[in-house]
Amino acid sequence: MANSIVSKNFTALSGLHPNMANLKIIGIVIGKTDVKGFPDRKNIGSERYTFSFTIRDSVTHFVNATSWGNRDYIRSLSDSFRVGECVIIENPLIQRKELEREEKFSPATPSHCKLLLSENHSTVKVCSSYEVDAKLISLIHLPVKESCDYYSLGDIVANGHSLDGRIINVLAAVRSVGEPKYFTTSDRRKGQRCEVKLYDETESSFAMICWDNESILLAQSWMPRKTVIFASDVRISFDKFRNCMTATVISKTIITTNPDTPEANILLNFIRENKETIPLDDEVDSYLKESINYTAISEDLQEVKKCSLGPELDLLQRMSVPAHYSALKIGKEQQCPL
């Protein structure tokens, strides 16, 4: 029967306090990090693995949970659920969080506690949406910050360098979602990158960069010119290479897709009313490719190499960016004197 799971005896997140035992908690996952490995100090030569996620059970209460264990256990647990799914956590360890240290890298939460999940004692079970109260599911569309607490993209561009390095909130529509790019670092770690183009009433295109699998997976579900997002705690920086401001998803970030707020609804109406006047990015790229004089740009590239752009050119070559596109980007955005 639908919603039968609601009648079970769960502990509300608002009632958590350290050293509580034998708990059963239900909540919707609103944020999640990638799995990471660290050297195990107790067992030299081996690694311990961890990942974290944030769950919510009401409008005002959400909490961070972290699990540690061996690689197979942690990867299996992480792969078992995604952002937007409801989970039941049994027998977590409740600890008081170290506010300043932990919230530097984790989402800020109203709770004074955090959950630690043990491989030997704790379990996480994914609930079917048919079993869960609709009120719990609807929480995925509520931002974790005040709905009016955000910068418009135009404000970010106007403030420029004064926001460089700041962590802020952004409300914007999705213009395009790029294909994920995968790479291997010099120390043989695998990485990924995905660029999302945003826009609003004040700015036609603004880049947001995702470096982790979880945010990239989430971004792949967004529909250009139809999806609105509220991104809490993204880092704003000035991209010297492209000579513009950008946003980056970090471990503190929680992204709410299609937020149910008055401000988001106004933006949604804007993108619906202006859908035909804003071309898709692939249409713009097609126009640029047709209008490019490849011979001239190839010659310009040789001149660009004379400028002090060695690191940037090396980066472009490592990323296998076509030469004509590299020259176009450097010529227009770096404004290098040719």
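Visitor: What does methionine 208 touch, beyond residues up to four places away in sequence?
Guide: Methionine 208 touches Cys194, Glu195, Val196, Leu198, Trp222, Ile229, Ala247, Val249 and Ile255. Contact means heavy atoms within 4.5 Å. This is a predicted model: local features need pLDDT of at least 70, side-chain atom pairs count only at pLDDT 80 or more, and totals for chains, interfaces and linings use all residues. Residues are numbered from 1 along each chain as its sequence is written, and side-chain values use heavy atoms, with hydrogens and water left out.

Visitor: Which residues touch the most other members of the largest nonpolar core?
Guide: Ile156, Val196, Leu198, Met208, Trp222, Ile236 and Ile255, out of 25 residues. A nonpolar core is a set of buried Ala, Val, Leu, Ile, Met, Phe, Trp, Tyr and Cys residues joined through side-chain atoms within 4.5 Å. Buried means under 20% relative accessible area, exposed over 50%, partly exposed in between (1.4 Å probe, protein chains only).

Visitor: And a second core, what does it include?
Guide: The second core is separate and has 23 residues, including Val29, Tyr49, Phe51 and Val63.

Visitor: Switching to cysteines. How many disulfides?
Guide: The structure holds 0. A disulfide here is a pair of cysteine sulfur atoms within 2.5 Å.

Visitor: Which cysteine sulfur is nearest to that of cysteine 194?
Guide: That of cysteine 210, 5.5 Å away.

Visitor: Is cysteine 194 buried or exposed? And why?
Guide: Cysteine 194 counts as buried because its relative accessibility is 1%. Cysteine 148 counts as exposed, because its value is 55%.

Visitor: How much of the chain is buried?
Guide: Buried residues make up 43% of its 338 residues.
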